[in-house]
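Subject: Structure for your review

Dear colleague,

I am handing over the structure below and would be glad if you could look through it alongside these notes. The account that follows goes from the sheets to the helices and then to the contact between the chains.

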Amino acid sequence: MSETNFVIEMKGITKEFGTFKANDNINLQLKKGEIHALLGENGAGKSTLMNILSGLLEPTSGKILIDGKEVTINSPGMANKLGIGMVHQHFMLVKKFTVTENIILGSEPNKAGVLDQKTAQQSIKELSEKYGLLVNPASKIESISVGMEQRVEILKTLYRGAEILIFDEPTAVLTPQEINELMQIMKALTNEGKSIILITHKLDEIKEVADRCTVIRRGKSIDTVNVSTTSQQELADMMVGRSVSFKTEKKEAYPKEVVLSVENIVVKEGRGLEAVKSLSLEVRAGEILGIAGIDGNGQSELIQAITGLTKTESGKIKLNGKEIQNNTPRNITENGLGHIPEDRHKYGLILPMSLEENIAIQTYYKKPLSNKGFLNPKEIKEYAKKLIEEFDVRTQSETVPASALSGGNQQKAIIAREIDRNPSLLIAAQPTRGLDVGAIEYIHKRLIEQRDNGKAVLLMSFELDEILNVSDRIAVMYEGNIVAIVEPKETTQQELGLLMAGSSLEKARAAVEKELGKEPTHVE
Amino acid sequence: MDIINVLQLVFSSALVYSAPLILTALGGTFSERSGIVNVGLEGIMVMGAFSSVVFNLTFASQLGNWTPWVGVVVGGLIGILFSLIHAVATINLRADHIISGTVINLMAPALAVFLTRVLYDGRGQTDIISENFGKANIPLLEKIPVLGPIFFRGTSAPAFVGIAIAVLCWFVLFKTRFGLRLRAVGEHPQAADTLGINVYMTKYAGVLLSGLLGGMGGAIQAQAISLNFSASTIAGQGFIAMAAMIFGKWNPLGAMGAAIFFGFAQSLSVIGNYIPIIQDVPSVWLQVAPYLITIIVLVGVIGKSEGPAANGKTYIKSK
C-alpha cells in the first residue's frame, strides 16, 4: 500500500503544555472513505490531537500529510482550505443567529459586502437534500432541537467543502433515536466519498459504524485495529491498560421506608418559566431511583429544589418525615442529605481552595473541626487525610488546590465528603460526567454500597447506560414532569429514549415492539 | 405661543440634545456587539469635545461655516485614538473592561482640562466658539404643510445626520458581512474563530468605531450646546448614551429612538417654561429629570434587555 492511499497521515505528533506531554509521538492514518474511530479515556489526548488537525493548536513536533503532501495547519481557516472540518462536541453555534447565518458565517456569499441570503439558503438546501441532513434554514438556533443543531454543525463543514470530517464525541448530547440517525448520516457521508474521524469513548458506537480504530492512552498511540475483528472487551482493555468489567455487580434491592417524598412541587427556572410542574416522587431506603431525561427537562431544577438551592413555588418536600421545602441548604443537609452536585466545579468544590478545606467544608463549623468559632487546622488536616486514604483520592497532598486534581479525583473527594457524613439520602447528579471507565466503575460501586447500607439514593443522569445499570427504579422526566416509572429489567434503551422524547409508555412499548426485527428506520 | 410654535420648540430642542447621544449610543452599540463593554464612552466624548473646540477656535477664520462639521470629524479621529487605549487594554492585555473604561473616564477630563490650561493661558475653560451648529432648516422637507415647520424648520442638522447614520449602522450591522461577523464575535467568539474569522481584529473594529462615533458625539455636544470646552461640557452624556444603547436593545435604530427620548428629557430644563403642563414644576426637577429618567428606565428595562452573550468576556485564543 503506497503512502498516497491515506487522505491524512499524522506522524510522530508531540504536543507539550509546559512539562506535560498531552500527545507523545502519536501516529494516525486515515483512509479515504472510512470511518476511523479514535478511542481513549478522558485526558488521553484525543481532543488535543484533533485540535492540532483542525488548526486550533500547533504541535510541538511531528508532521501532517494530506494526500501524501506535507502541510502546516496553523489556523482553522487553513484547515478549512485543506478540506478538514470539525463537528465540535460543544456546538460552535451562535444561539441568536439563524441556521443559515451560522452555516455561512466566515464564508458568506455577498455582493459588495452585502449578504446574499438567497444564494446562501439555496446552497444550504441543496446540501441538506444531498446528504439527508434535514434543517430549517430560517430558524434560530435557540429554537431548534439538539439533533438539528448537530446537523447544522455538519452542514457548516460541508458548506466549506470539507472532505474530512472530525466528529468530537458527537453522541454525548443525543437521545438513542438521534444517535441512530447520526450513524445513518455518517454512513451516508462516507458513501459520498467523505472520510470521517470519530472521537469517542463509547465502544458500542465504534462497533456499529467504524471501520478501523486507533487507541490512545496517556498521550501515546497504542495500536490501530480493524473493528470487525476486535471485540469490545479487547478495545476497552487497550484503552484503559488493564482488564475492565462492564457490568456493575449488584444484589437485589430491598426497599424499606420512604426517606424522600416530593409532593406536587412546582419550581421555576431563571426566566420565570415553570421548569418542574407539579411533580411527585418517592425514594425509599435501600433503593436507587434513577431519573432519566434529556438535559433541560427540569431535572436540575428538581434537584436544586430538594437541596434547597432554589425556591419551591408550591408543593411539599419531606425528608425523613420533615418538611424541608424552601429550607436553607445547611438545615436540609443536617437533616440527612448528601449531595453530589451536577456541576462539580461550580457547586461541588471551591477550586482555588485546598483539598483539605474542600473536604471540611460541610462540617467545619462543628466540633472537632472547629471550636467556639475558631477552626482547628490540625483536626481538619487529620480528617482530610483520613478521607483521602479511605476513598482513594489520588493527590500529591491534602494542601494542593482542588483545581489541581483530575476530574475523577475531584469527584472522589466530593463523594468522600458527602458519604462520610452518613446521610440517609444521597443525591448524585450526573456523578460520572466526563469521567473515564475506571472512575465510573468506582463511583457506581460507592453508590450501590450506600444503597446496600440501607440509604436512599437519587441518581440523575443523561447517560442511559448508567441509569439502566445502577438504578432499581427509573423515573423518566419530560418537560418538568415524570412521564413514566419503569423497572430497569423491563425496559430498553430504545423505550427510554422514546419516553424521554415525550412519548407515552403505551406508545413507546408499541413502537419498540414494531421495531423489533426490523432495521431502525430514519425517523425525523 | 400657539401650539405649532410650542411643538416646534419641543422637537427642535429635543433633537439638539439628542444628536450627541445618538452618535455615542451607536458607538457603544458597535463596541458591545463585538463583545467589548465600553463604559469609557464618557471619556471619549470629553476628548472629542475638547479637540473639536480647539480645532474650531483655531480654524474658524479659514473654514467659516464648515468649521463645526470638520470639527466633528476631528473629534471622531481623536476619539479613535483614545479608544485605541481601551482596545489594547481589553483585547490584547486582557484587562477588565469596566476598569479600563473607568480609567479612560478618569483620564480624559483631567487630560483635557490640563491641555486647556496649557493652551489658553492657564484658564480652565476655552473661549466661546464663533462658528457653531446653530439652527438649520432642512431643504424641501421644511415646505411640507404643518409638519414641515414643526419637524424641519429651525432644527438641529447634526441630529438628522445622526438619524441617517443610525439607519446606515443598522444596515451595516444586520445586512452586511462585516456586521454578521461582528455580531458573531460578540456572541460566540470561539465559533467565529473556528470559522477563520479574526476575532481580535473584529473586536478592534468594534471598539474603534465606538471611538469614532463617541468622539463625534462629544464634538457635537461641544459645538451645538455648550459652545466652549470646560470640565462640565460632558456631564454624564456618555453614560446616558450607554443607557440609550441598552434601552434600545443593542440595535442601532432602537438606540437612536432611546437617544431621542433621553435628548427630550435633557431639553426639558431649557424649554420647560414654555410647555403649559410642566411650566410650574421647579426648574431643579427638570434639570434632574434626564438622570432620574435614565435610572428609572434602566431599572425597569435592564433585567429584561439581553445583551450580546459574550459581552465583557475576554477572549483568549489557545496556542
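Two strands are taken as paired if DSSP finds at least two bridges between them, and the helices (H or I, at least four residues) and strands (E, at least two) are themselves DSSP runs, numbered from the N terminus. Residues are numbered from 1 along each chain as its sequence is written, while chains are lettered from A and ligands numbered from 1 in the order in which they are written. Please keep in mind that this is a predicted model, in which local features need pLDDT of at least 70 and side-chain atom pairs count only at pLDDT 80 or more, whereas totals for chains, interfaces and linings use all residues.

I begin with the six-stranded sheet of chain A. This open sheet has the order β18-β21-β22-β15-β23-β24, and its pairing is mixed. Its edges are formed by β18 (337-340) and β24 (481-486) of chain A, each of which has a single partner strand, so one side of each is left without a neighbour in the sheet. From one strand to the next the twist averages 20°, where axes are lines fitted to C-alpha atoms (for helices over the stretch in contact) and angles run from 0 to 180 degrees between N-to-C directions. The strands β18(A) and β21(A), the latter covering residues 425-429, run parallel and are joined by four bridges, with A:I340 standing opposite A:A428 in β21(A).

Two helices of chain A accompany this sheet. Helix α9(A), residues 299-306, packs on the sheet and touches β15 (288-292), β21, β22 (456-460) and β23 (473-478) of chain A, its direction making about 150° with that of β21(A); contact here means that the C-beta atoms of two residues, placed from the backbone, lie within 7 Å. Helix α15(A), residues 437-452, lies across β15, β21 and β22 of chain A and runs at about 150° to β22(A).

A four-stranded open sheet is also found in chain A, with the order β14-β13-β16-β17 and antiparallel pairing. Here β14 and β17 (322-323) of chain A stand at the edges with a single partner strand each, so that one side of each is left without a neighbour in the sheet. Strand β13(A), residues 258-268, is joined by seven bridges to β14(A), residues 274-284, and A:V258 stands opposite A:R284 in β14(A). The hairpin of these two strands, β13(A) and β14(A), has five residues between the strands, and A:G272 in that hairpin takes a positive phi near 90°. Six bridges join β13(A) to β16(A), residues 312-319, where A:L319 is the bridge partner of A:L260. Two bridges then join β16(A) to β17(A), with A:K318 opposite A:E323.

Strands β1(A), residues 6-17, and β2(A), residues 20-31, pair in the antiparallel sense over eight bridges, and A:M10 has A:L28 as its bridge partner in β2(A). Two residues lie between the strands of this hairpin of β1(A) and β2(A), in which A:G18 takes a positive phi near 65°.

Two backbone details deserve a look, given that most residues other than glycine have a negative phi, and most peptide bonds are trans. A cis peptide bond, with omega about 5°, joins A:K367 and A:P368, and A:P368 is found in the loop between α12 (355-360) and β19 (370-371) of chain A. A:K372, a residue other than glycine, has a positive phi near 50° and is placed in the loop between β19 and β20 (374-375) of chain A.

Chain B comes to twelve helices and zero strands. Its C-alpha atoms fill a box of roughly 70 × 45 × 40 Å, taken along the principal axes. Helices α3(B), residues 67-92, and α9(B), residues 199-226, pack at an angle of about 140° with their axes 6 Å apart.

Finally, 20 residues of chain A are in contact with 19 residues of chain B. On the side of chain A that touches chain B, α2 (76-81) and β8 (114-115) of chain A each supply at least two residues, and the largest share, three residues, comes from α2(A).

With best regards
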